[in-house]
Amino acid sequence: MFQKMESSNSEFQLVCLKVNARLIPRFSQLIASGFRMNIETGRSIREVLCGQLGIAKDYFDNRIQTVFLDGKAVDNVDSAWVENGSRLALSAAMPGLVGATFRRGGRYASFRGSISYSKSKNVVAGGEGSITLKFFNMIEKELGPMFLQKGIIIESQRLQDFVRRNLEELKADGISVDLNDAKIDVAALLEMNWKNMDILVTVAPEQQL
């Protein structure tokens, strides 16, 4: 269902990591504070997440209970439009009154007031762009590995910090690293002069990359 993400920006460094399947959850640290994906803009939230990024419709309808678009809680994901630079946050059901208040289409939605999304009168133009995604609670655990396999855009410093913290275990486990289709040692990632650069990272189990 998920295909590798290709970079349309020549400035991106493409880093492909092939790891032991048991280490995949460790890489959730790369997505914890959000990541970017290239999309076609001018589409609804449902069209972007299900049609373009491959989230199953049943999962989206039944598991993702709370959606924020640019900091606004969304009730109707079919009439909320995504544009270049939009920020989407996704969460499973949250407990208590807070969870009930922010649940899309929930009975307490009227309590939100000004932090609810309202459809813009302007037509959002379609075209190539990118959005920032952030997952909360179980959504991160369940969707994170699939998006890592597809490919995420993050700050280079985040990858280097992750490698620095986990270097010995990654080396012991025999991680395979391709940088722009050339094989390198994982420690060499720490020597790259990637200051203030975004990179495209894919992480997949050994047998799938």
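1. Phe 35, Phe 135 and Phe 147 are joined into a cluster by ring pairs. Rings of Phe, Tyr and Trp (its six-membered ring) pair if their centres lie within 6.5 Å; planes under 30 degrees apart count as stacked, over 60 as edge-to-face and the rest as tilted. The model is predicted: local features need pLDDT of at least 70, side-chain atom pairs count only at pLDDT 80 or more, and totals for chains, interfaces and linings use all residues. Residues are numbered from 1 along each chain as its sequence is written, and side-chain values use heavy atoms, with hydrogens and water left out.

2. The count by this rule is 4 aromatic pairs. One of them is the tilted pair of Phe 27 and Phe 162, at 4.6 Å centre to centre and 45° between the planes. Phe 27 lies in the loop between β1 and β2 (35-41) and Phe 162 in helix α5 (residues 156-172), 135 residues apart. Helices (H or I, at least four residues) and strands (E, at least two) are DSSP runs, numbered from the N terminus. Phe 27 is buried at a relative accessible area of 1%, and Phe 162 is buried at 0%. Buried means under 20% relative accessible area, exposed over 50%, and partly exposed in between (1.4 Å probe, protein chains only).

3. Phe 35 and Phe 147 also form a tilted pair, with 5.8 Å centre to centre and 55° between the planes. Phe 35 belongs to strand β2 and Phe 147 to helix α4 (residues 138-150), 112 residues apart. Both Phe 35 and Phe 147 are buried.
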